[in-house]
Amino acid sequence: MRMPQCSFCSERSVIYIRDKGWHLCPEHFREYYLNKVRRALNLVKLKKGAFMVLGLSGGKDSFAMLSALAKLKGEYGLELMALMIDEGISGYVEPRLRVFKEASEAFEIPSEIVSFRDHFGYRLDEMVRISMSKGFTYKPCTICGVFKRYLLNRLAREYRADYLATGHNMDDEVQVFLMNLLKGNLANISRDWVVSGVRLHEKFVVRVKPLYYCEEKEDLVYALLEGFKPPEVECPYLLYSFRGGLRRMINALEYLRPGTKRRMLALKDALRPNLMPEEGVSIGTCKECGEPSSDEVCKTCQLLNWLRS
Amino acid sequence: VGCDEPGITVKVLMGNRKFEVKVREGAVLEDLLKALKLNPVEIVGMRGNEVVPDDEPLREGDIIRLFWTVAGG
């Protein structure tokens, strides 16, 4: 019985890159993966000596990003800080906090944990209960996403970060692209790239996605090779997510036609410059909290007002 | 494969679940995943501390831990 061997050396393979027909051993896979991260970082045209805050969740993408950037920080002259938001999901967040603490210590990156409760007065579990009692107007992923984006940007700015990096991967990008297509939201497609938030508002920290070209499965394999122990508890609110169905459809297509996700991302990147340019989008300031907002009152304040009402 | 047919038995660990699956001799990880109605694009398998590629042959008595890539980003 013959074990698959790396296409570039005689070592044992750990992953088969289906659309390229390559088998890769741990070392060649690490090189392949880090080159994808470099490809994204090179598009950002990072300032030398820049300070980058990494918004992490304690999951595989976070771990992979933290590990990859810890390896590449010297090459790009980056100063890093790991930031985790504790949303307040009982039973789910605790193992992730543990992964986050252990990983930032292991990779010697200074870290900070902040919570929804400290900043907004509620844990996500409480917010979901309130939403359910009011007819479930806002789904958990909507609430979580709005508060997390707000907090990450505000804190990164307060830490005087030049960049805010998140662990969005190729799968996330393709899913969001399809969701925006289904909604006919061309403006969002035009804004969504490796780097965003550059000219929209002075209070936006430039957001970067180092894992933009990395597939979800590659993130997990990289993280496992780097010592990641996946927490075995799943988010209890996953069943309310619209993206789950879309993800399954895209992955079914990827299995039938390897490279589907890569081609869809390339299509989005080719279309993007021809859609609405960022200069054309006006972002105002929330009259309640002073943070960037496309409405008079930002989504975060709207949600907080609704939760308190 | 059916209970009376020749094949190999592997133990599968997934989250908190443990179960045994009988697959045909020469089956690879991808065959096991398809038998479990799982999409290989969404799963990473490990044998002990080693990550296993989808086309790696399985052996009698293997203990394979499966990780769902979708689980909490």
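View 1. Asp125(A) counts as buried because its relative accessibility is 12%, and the limit for buried is under 20%. This is a predicted model. Asp125(A) belongs to helix H5, which spans residues 124–133 of chain A. Its side chain meets the side chain of Tyr237(A) in a polar contact of 2.5 Å. Leaving aside residues up to four places away in sequence, Asp125(A) touches Gly88(A), Ile89(A), Ser90(A) and Tyr237(A).

**View 2. Six strands of chain A form an open sheet.** The strand order is E5-E4-E3-E6-E8-E7, and the pairing is mixed. Strand E5 (111–115) and strand E7 (195–196) of chain A are the edges. Each of these two pairs on one side only. Strands in a sheet are joined through backbone hydrogen bonds, in either a parallel or an antiparallel sense.

**View 3. Strand E3 of chain A is mostly covered.** The strand runs over residues 51–56, and six of its six residues are buried. In a regular strand, side chains alternate between the two faces of the sheet. In E3(A), Phe51(A), Val53(A) and Gly55(A) point one way. Met52(A), Leu54(A) and Leu56(A) point the other way. Residues of both sets are buried.

**View 4. Two parallel strand pairs lie within chain A.** E3(A) pairs with strand E4 (residues 79–86) of chain A in the parallel sense, over six bridges. In this pair, Leu56(A) stands opposite Met84(A) of E4(A). Strand E6 (residues 163–166) of chain A runs parallel to strand E8 (residues 206–208) of chain A, and three bridges join them. Here Ala165(A) stands opposite Val208(A) in E8(A).

**View 5. Phe136(A) and Arg160(A) have positive phi values.** Most residues other than glycine have a negative phi. Phe136(A) is not a glycine, yet its phi is about 55°. It sits in the loop between H5 and helix H6 (140–158) of chain A. Phe136(A) is buried because its relative accessible area is 17%. Arg160(A), also a residue other than glycine, has a phi near 60°. Its place is the loop between H6 and E6 of chain A. Arg160(A) is exposed because its relative accessible area is 71%.

**View 6. Lys183(A) is an exposed residue of helix H7.** Helix H7 covers residues 170–183 of chain A, and Lys183(A) is within it. Lys183(A) counts as exposed because its relative accessibility is 62%, and the limit for exposed is over 50%. Pro26(A) is 157 residues from Lys183(A) in sequence. Their C-alpha atoms are 40 Å apart in space.

**View 7. Chain A and chain B share an interface of about 2700 Å² of buried area.** Carbon and sulfur atoms give 57% of that area. Lys217(A), Glu232(A) and Tyr255(A) supply 23% of the area that chain A buries against chain B, more than any other three residues. In terms of contacts, 35 residues of chain A meet 29 residues of chain B.

**View 8. Polar and charged links join chain A to chain B.** The count of salt bridges between the chains is four. One of them joins Arg18(A) and Glu30(B), with the closest N and O atoms 3.8 Å apart. On the chain A side, the elements giving two or more residues are strand E1 (15–17), helix H2 (60–76), helix H9 (216–225) and helix H10 (243–256). The residues of that side divide into 15 nonpolar, six polar and 14 charged.

**View 9. Glu60(B) lies in a loop of chain B.** The loop is between strand E4 (50–52) and strand E5 (63–68) of chain B. Glu60(B) counts as exposed because its relative accessibility is 53%. The side chain of Glu60(B) reaches the backbone nitrogen of Thr9(B) at 2.9 Å. Glu60(B) touches Gly7(B), Ile8(B) and Thr9(B), not counting residues up to four places away in sequence. Asn16(B) is 44 residues from Glu60(B) along the chain, and their C-alpha atoms are separated by 22 Å.

Key. Residues numbered from 1 in each chain as written. Chains lettered and ligands numbered in written order. Predicted model: local features only at pLDDT ≥ 70, side-chain atom pairs only at ≥ 80, totals over all residues. Heavy atoms only, no water. Contact = heavy atoms within 4.5 Å. Buried area = accessible area lost by both parts, 1.4 Å probe. Salt bridge = Lys/Arg side-chain N within 4 Å of Asp/Glu carboxyl O. Polar contact = N/O pair within 3.5 Å; in protein donor to acceptor, adjacent residues only side chain to side chain. Helix = DSSP H or I, 4+ residues; strand = E, 2+ residues; numbered from the N terminus. Nonpolar A, V, L, I, M, F, W, Y, C, P; charged D, E, K, R; others polar. Buried < 20%, exposed > 50% of the residue type's maximum accessible area, 1.4 Å probe, protein only. Pairing = 2+ DSSP bridges.
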